[in-house]
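Here are my notes after going through the model, in the order I would look at things. Have it open next to you while you read.

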Amino acid sequence: MQERNGNPARLQGPFKEALGRLRTVRDLLRFGVSCFNAAGLVFGHGSDNALHEAFYLIRHALHLPADQAESFLDARVTRRQARAVLRLMQQRVEAPAPALHARKARIGVRAFIECLHVTAIMLR
């Protein structure tokens, strides 16, 4: 979700509260898995569970290499890095399209995502 000025939406609720508390990649991963499971998200097209989805979003936001990302689990993150990850997680919960498709929407394939979103809602 975005504000009217085109900037990413502000963190709200548990995402805002978590910003000052999550210190490592592992902390962000656990938080994401918990949030995604609590939200009852539907997964697919690249990740089939909350763990894989959260890990993908973290790797994307922090620009971590896919083949070495696990080596960074205990690395501390800056507040700015945590905010970037939490924004993606909040967007994923608020507009529950799988992460891969949410990324495509940002580069102009919004109609495809909306179709998937409607399909996911119909399947619930």
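1. A word on surface first: accessible areas here come from the Shrake-Rupley method with a 1.4 Å probe. On that basis the protein chain exposes about 7,800 Å², and carbon and sulfur atoms supply 53% of that area. Keep in mind that this is a predicted model.

2. The overall make-up is quickly told. The protein chain has 6 helices and 0 strands, so read from the N terminus the order of elements is α-α-α-α-α-α. Of its 124 residues, 36% count as buried. If you take contacts between residues at least 6 apart in sequence, 64% of them join residues at least 24 apart.

3. On to the core. Which residues touch the most other members of the largest nonpolar core? They are Leu28, Phe31, Phe36, Ile58, Leu86 and Met89, out of 29 residues in that core. The elements giving two or more residues to this core are H1, H2, H3 and H4.

4. H2 covers residues 25-39, which makes 15 residues, and from first C-alpha to last it reaches 21 Å, close to the 21 Å expected at 1.5 Å a residue. Its buried residues are Val25, Leu28, Leu29, Phe31, Gly32, Val33, Cys35 and Phe36. When you look at that list, recall that an α-helix has 3.6 residues a turn, so residues three or four places apart point the same way. The cover over the buried residues of H2 includes helix H1 (13-19), helix H3 (50-62) and helix H4 (79-94).

5. Val25, in helix H2, counts as buried because its relative accessibility is 2%, under the 20% cut-off. Not counting residues up to four places away in sequence, Val25 touches Ile58, Leu62, Phe72, Leu73, Ala75 and Val77. From Ala39 to Arg92 the C-alpha distance is 9.8 Å, across 53 residues of sequence. After H2 comes Gly40, with a positive phi near 65°.

6. Is Gln90 buried or exposed? Gln90 lies in helix H4 and counts as buried, because its relative accessibility is 3%. Its side chain reaches the backbone nitrogen of Gln12 at 2.8 Å. Setting aside residues up to four places away in sequence, Gln90 touches Ala9, Arg10, Leu11, Gln12 and Phe15.

7. One backbone angle to check. Most residues other than glycine have a negative phi. His63 is not a glycine, yet its phi is positive, at about 55°. Where does His63 sit? Its place is in the loop between H3 and H4, and with a relative accessible area of 69% His63 is exposed.

Key:
Residues numbered from 1 in each chain as written. Predicted model: local features only at pLDDT ≥ 70, side-chain atom pairs only at ≥ 80, totals over all residues. Heavy atoms only, no water. Helix = DSSP H or I, 4+ residues; strand = E, 2+ residues; numbered from the N terminus. Expected span 1.5 Å × (residues − 1). Buried < 20%, exposed > 50% of the residue type's maximum accessible area, 1.4 Å probe, protein only. Contact = heavy atoms within 4.5 Å. Polar contact = N/O pair within 3.5 Å; in protein donor to acceptor, adjacent residues only side chain to side chain. Core = buried A, V, L, I, M, F, W, Y, C linked by side-chain atoms within 4.5 Å.
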